[in-house]
Amino acid sequence: MAQETRKQRSVDVLPQDGGWGWMIVAGCFMVTVCTRAVTRCVSIFFVEFQMHFGHDYSGTAWIHSLVDSTTMLCAPLGSFIGNRYSCRVAVILGGLLSSTGLVLSSFATSLEYLYLSLGVLTGIGFALSYTPAIAMVGAYFSERKALAYGIAMSGSGIGTFVLAPVVQLLIDYYSWRGALLILGGFASNLCVCGALLRPITYKEDEVRPLPMDSECGYDVKAPLAGPTEEPLQAKTDSELCSSSSSSSSSFSCFQSLHEYRFLLMPDFLVLAGSFLFLASGCSLPFVYLVPYALDVGVSHHQAAFLMSILGVVDIFGNISFGWLTDRRWLKRHRNLCYLFAVGMEGLCCLFIPLLRSFALLIPFSVLYGYFDGAYVALIPVVTSDVVGTPYLSSALGVVYFLHAIPYLLSPPIGGWLVDTTGNYTATFFLSGFSLISSSLLLATVAVIRRCHRRHREIHGAQPPTGDPCRESKQADFYVTKNKDLMTTNTSANS
């Protein structure tokens, strides 16, 4: 009887754009503070590491690039652990690893030591926490998904605004070693965030329709959930491989491949190419803004304050773009909003070599921070629009994996350009042109599709809708919601 009571308590109705979903948003918010904001603040240690270990710009830049690239490179690992066990387990494990890496970094005796402790170990911990937390937000929200992601992703901006001056003060009072030790304790809060990520569960024998998007004429097919306490994610590999028969083993392999069938979608391939250009340029300003400010005569505290400004404006970009793209008149044009934000961010980088004072660098921090927050909030939303909610966790793992190599190589390349040219102009031009190329790729494909649609209209063929929720090529991913769903609900009610 007690076991039955415990079983009934664990069974929950799927939240619809609210309820415990807002606690998931709060947990994801703190995860982005503890991961992305801390990663951005690593650039504040740049000059300290360079002076202490006596290395050039390129060698010191490897620390930041390793943290970023390892976080993205191991994103599929975070998705795998989240799907196999739970997002809660993945985030808590990531909190333990990242906290350990930061504490060990405070005892560093060489730059190579920091490559492993701060770059690799901390990066792996961030990867295990970041991707599963983001995927959980998409599982709990449908109609207000962009707004929920805007609030959740604003943690990176708020965290940067708060942590940047705090980290500089910690360095002044306790040296860089003491600052890293305190950051290690701060990162352990990821374990608390993980505890908030309660898996979605269903009533026994309940057929669960996926939350519907009123702007789309189709709903994504969701894997059928089993009875009690089975999370939203598709059946795990351990469950699939538990059967001893060879046919079950083959079915397990098929199911594993099925989770990544979105890789064959043309829309996702174009989006992936755009992400490669994006990742090549977006990390450079976060690495070199503070060193550039110091180089043009800005004080240490003013340079750190530039990062704070960038971070706080990032918040408005997250939330305002999230709210705007949830409006009915913009919901169908999220891709256009995304490429506009990325393109404007690239233009900001092209002008920064002309800004050689603290007063002139403030507008750059404001504009760059706003558009950075805008596109960051839209990455999971645009990805979800393309692949569907059931594939979101695996797709985000691939998306952030694509960021890994550019994140690894672009800061050292930027440092090499500084060492070679003696200034930061080429570095910021590299950043700007990469971001603009990312935007132009999506814009070019959109123009080609529009021309193709007009050509089909002239010849009397039925034009494609241009809406990823309605494309006939993605029919395998979607089922009609109107007539079929009404029939299902009528039969269920009878």
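Two residues are in contact when heavy atoms of theirs lie within 4.5 Å. By that rule, and leaving out residues up to four places away in sequence, Thr131 touches Ala75, Ser79, Ser393, Leu396, Gly397 and Tyr400. The model is a predicted one. Its chain has 494 residues, of which 55% count as buried, and its secondary structure comes to 22 helices and two strands. Among contacts in the chain with a separation of 6 or more, 84% join residues 24 or more positions apart.

**Helices α7 and α19**

- Helix α7 covers residues 111-140 and helix α19 covers residues 392-402; their axes come within 9 Å and cross at roughly 140°.
- Angles over 145 degrees count as roughly antiparallel, and α7 and α19 are therefore oblique to each other.
- The crossing of these two helices, α7 and α19, is right-handed.
- On the α7 side the contact is made by Tyr130, Thr131, Ile134, Ala135 and Gly138, and on the α19 side by Leu392, Ser393, Leu396, Gly397 and Tyr400.
- Six of the residues in this contact of α7 with α19 are nonpolar and four are polar, while none is charged.

**Thr131 in α7**

- Thr131 belongs to helix α7.
- Its relative accessible area is 1%, so Thr131 is buried.
- Thr131 and Val91 are 40 residues apart along the chain, and their C-alpha atoms are separated by 8.9 Å.

**Tyr400 and the nonpolar core**

- The largest nonpolar core holds 117 residues, and Phe49, Tyr338 and Tyr400 touch the most other members.
- Not counting residues up to four places away in sequence, Tyr400 touches Met72, Leu73, Ala75, Tyr130, Thr131, Ile134, Met153, Ile379 and Pro380.

**Ile379 in α18**

- Ile379 lies in helix α18, residues 358-387.
- The relative accessibility of Ile379 is 4%, so this residue counts as buried.
- Apart from neighbours within four places in sequence, Ile379 is in contact with Phe275, Leu278, Tyr338, Val399, Tyr400 and His403.
- The C-alpha atoms of Ile379 and Leu396 are separated by 8.9 Å, and the two residues are 17 residues apart along the chain.

**Two serines**

- Ser274 is placed in helix α13, residues 266-282.
- With 0% relative accessibility, Ser274 counts as buried.
- Ser274 touches Tyr338, Ser438, Leu441 and Leu442, with residues up to four places away in sequence not counted.
- Ser175 lies in helix α9, residues 155-187.
- Ser175 is partly exposed, at a relative accessible area of 34%.
- Ser175 has a phi near 70°, which is a positive value in a residue other than glycine.

**Helices α2 and α8**

- The axes of helix α2 (residues 21-41) and helix α8 (residues 145-153) come within 7 Å, crossing at roughly 40°.
- From α2, Trp22, Val25, Cys28, Phe29 and Thr32 meet Ala148, Ile151, Ala152 and Met153 of α8.
- Eight residues of the contact between α2 and α8 are nonpolar, one is polar and none is charged.

Key. Residues numbered from 1 in each chain as written. Predicted model: local features only at pLDDT ≥ 70, side-chain atom pairs only at ≥ 80, totals over all residues. Heavy atoms only, no water. Axes fitted to C-alpha atoms, helices over the stretch in contact; angles between N-to-C directions. Helix = DSSP H or I, 4+ residues; strand = E, 2+ residues; numbered from the N terminus. Parallel < 35°, antiparallel > 145°, perpendicular 65-115°, else oblique. Left-handed = near helix turned anticlockwise from the far one by under 90°. Nonpolar A, V, L, I, M, F, W, Y, C, P; charged D, E, K, R; others polar. Core = buried A, V, L, I, M, F, W, Y, C linked by side-chain atoms within 4.5 Å. Buried < 20%, exposed > 50% of the residue type's maximum accessible area, 1.4 Å probe, protein only.
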